[in-house]
Structure formats: C-alpha cells, structure tokens
Amino acid sequence: MKALAIAQASGRRLLRDKRALFFTIVLPIILILVVGAVAQGFNTFKVGLVDLDRSHASQQLATDLEHTSGLSTVRYPSVSALNKAIGRSEINAGVVIPSGLQTDERAGKPIAIGVVAEQANTTQQAAVNRVSSVIAAYGGRVQAGQFAMRFGGSFSRTFQMAGSLATKTPRVGLATQVVAVSQNTLPPGFEYSAPTELVLFVFLTAVAGGAALVESRRLGIYERVLAAPVRSRTIVIGESVTAMLIAAAQSALIVLVGSLVFGVSWGSPPAAFLLLLVWCLVGAGAGMLAGTLFRTPEQASALGPVIGITFAMLGGCMWPLSIVSPAMRAIGHATPQAWAVDAWTALLSGHGTIAMIWHELGILALFGLGFFAIATVRARRLFRT
C-alpha cells in the first residue's frame, strides 16, 4: 500500500506537468502522422498538360491521361508555364499535344507528342514511363484507324472500335513473388511509423521523465518519506509502478490511435501484447536508471532526449537497419531499440507469432531487468547517502 501511495503521488505530479503531457501524448501522434505520410510515399504522379491542337482528337488523348490510374493531370495555358512548373517540381512530368494532331492522324503522317521532364530526376522519369504507356496505347488506336483508311474504312469508326476492343481483350498479367527471403523491414506508411514511434517515445519519455526523480531527490522528498517507517525499496517499487503505468498508457494510446485512425495492424494480438509489456519494462527501467544517474533535473531534461534519440537512430527507429553497414547494424543491436524493431518487423511483415519473436523478447527482458537492477542498487545507495 505504501508503494502504491508513492506511485499515486508521482502520477499526480506528472499530470500537473503540461509540457510532459504534450511530449507524452500529443507529439507521438503528430510524428506518426508525419513520418507515416513520408514513408507511405506516393502512388499518383502529377502531370501537366498543354493542348495546342484543341480538337476532338487532342481531347480524347487528354481524357485518356485524366482517366488513367496513377496519374493526376493539371492543364496549363502555354509550354512556358509548363516548363516553369517542371522546374519548380510542382508536377512530375508534362505533356505537350502539338497543333495539327487531328489533321495529321487523318493524313497518316507521323505524330510527335512532347513529354517534358528532367532527365536527372528519377521520380520524373518514372512519371514519364507511366505517361508514355498511355500515349503508346493511344498511338495503337491511331494506327488501327490509319490502317483501315488504306482499305477504304472509316478512321473514326475504327479508332473507336479499337478502343472498345482494348477494354475487352484479356490482358497479360505480371506477378512477382519473392521466395526463400525473409522480410527484414517494416511495411511502408503508418505501419512503419507507428511501431517505430512507439519504440522511440516510450523509451524517450521514460528517460526524460527521470528528471522528476532527480527533482524529488533535490527537494528532499525521499528523505522525508524515509523518516516514516518506509524502506528504500518501497520507494523504488512505487516509482517503478508509476514509470510502468506511464509507459503502458502511452503504448496503449499509440496502439489505439494507430489502429483506429491510421489503420495499423499490429500483428498477432498475444505476441503484440507481450512485446508491448516487455518494452514498457525496458522503458520504465531506463527511466528509473536515468533518475539515479543524473544529478540535476536540467541535466536529465537536456541529456535524456539526446540519449533516447541517439539510441533510436542506432536502433532503426529513424531508418531500417537493413540499409546500413554490418558494423553499424551490430552497433545498433547494442541498444534495446534494435531488438524491439526486429520484433515488430517479424510481427507486421512476417506475420509472426510469440514463437517467432521469443529471442527478441528474451533479450529485451534482460535489458529491462538489467536497468531495474542497476537503478535499484544506485537508488538504495543514494537514499542512504
């Protein structure tokens, strides 16, 4: 009961700290949104369109571009305006429909449709490939109409028929499947940002929260508590309960928002719950250790976030460890963050179970128990002093 009273007092102290509540609740959600949107990438190219012909034929090509999945068209009044938009990266590619398009189609003349993009820009070149496929399909229908004209047929009728048959003709499908290779990165989008931000902020909040323990020591609160029939280990247990509850509440919030707002699937529920529980143990232990290592609250507030972010960078919360060198990957696995990210990767990308992440869970438990053991020894020594 004494330990719970200490935990309750520490919890009230945190709830009165609005800055701590912002970093605990609001900031993680914001970063999940931002990082998830960036990691999601994009699946639609923005294409500028200049129609110099303004005919039925040019309108047909423009309609093909507008109704193609993966393309979003924006019309421009002139080629100079289109080039300016390309230079400013407002669009990914530009299409210039030349004047005389319809006349040249009926006359059987070669037609050159301009596609504008920067050659060194890989994104714009990808957009060019998508646009070129649409133009090639349109050109095939034009060739069908011109072929019919040579034998006295109607260009317009054959052109329309070719377009109608194109929608009915079975397409050749292409499917890729990777075999005998394990997925070593998290899925893109919010299923990347939500787990990594959870790993980052639970640890970061706990370490920065060590400032509250340092402040209690500075104010002599623990000395007054020890004047009562209370043992030092009771204080450690009480503060540990508070740290665990904060980590659990923050984890539950991120999981809830990730599921309901961003549609994140957290994998096998039993495995995810156990991983969350062990990570809360790691975060709480790190926070308790930080509270016994730092000498002033200012030192804890300044160095705690630096330590948390550094560990997150080394552990793969900012970028996948699969893209770094083997040496940096080994250094990263000296932090608990790397093992936590590995476990989430197995759950979300590999559809893993508890049996598949037991190794990561065991190492994380050792980290957490080690943090608590060192913190307990140091706390009892500080209280005696």
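Rings of Phe, Tyr and Trp (its six-membered ring) count as a pair if their centres lie within 6.5 Å; planes under 30 degrees apart are called stacked, over 60 edge-to-face, and the rest tilted. With that in hand, a search of the whole structure turns up four aromatic pairs. In one of them, the rings of Phe 203 and Phe 311 have centres 5.9 Å apart and planes at 25°, so this pair is stacked. Phe 203 sits in helix H8 (residues 190-208) and Phe 311 in helix H13 (residues 297-315), so the pair ties together parts that are 108 residues apart in sequence.

Before going on, note that this is a predicted model, where local features need pLDDT of at least 70 and side-chain atom pairs count only at pLDDT 80 or more, while totals for chains, interfaces and linings use all residues. Residues are numbered from 1 along each chain as its sequence is written, and side-chain values use heavy atoms, leaving out hydrogens and water. Helices (H or I, at least four residues) and strands (E, at least two) are DSSP runs, numbered from the N terminus.

How accessible are the two Phe residues? Buried means under 20% relative accessible area, exposed over 50%, and partly exposed in between (1.4 Å probe, protein chains only). Phe 203 is buried at 2%, whereas Phe 311 is partly exposed at 26%. Ring pairs also bring in Trp 279, which forms a cluster with Phe 203 and Phe 311.

In general, nonpolar side chains tend to be buried together in soluble globular proteins.

Now let us visit the sheet. Four strands form an open sheet in the order E2-E1-E3-E4, with mixed pairing; two strands pair if DSSP finds at least two bridges between them. Strand E2 (71-75) and strand E4 (114-116) stand at the edges with a single partner strand each, so one side of each has no neighbour in the sheet. Strand E3 (residues 93-97) and E4 run antiparallel, joined by three bridges, and Gly 94 stands opposite Val 116 in E4.
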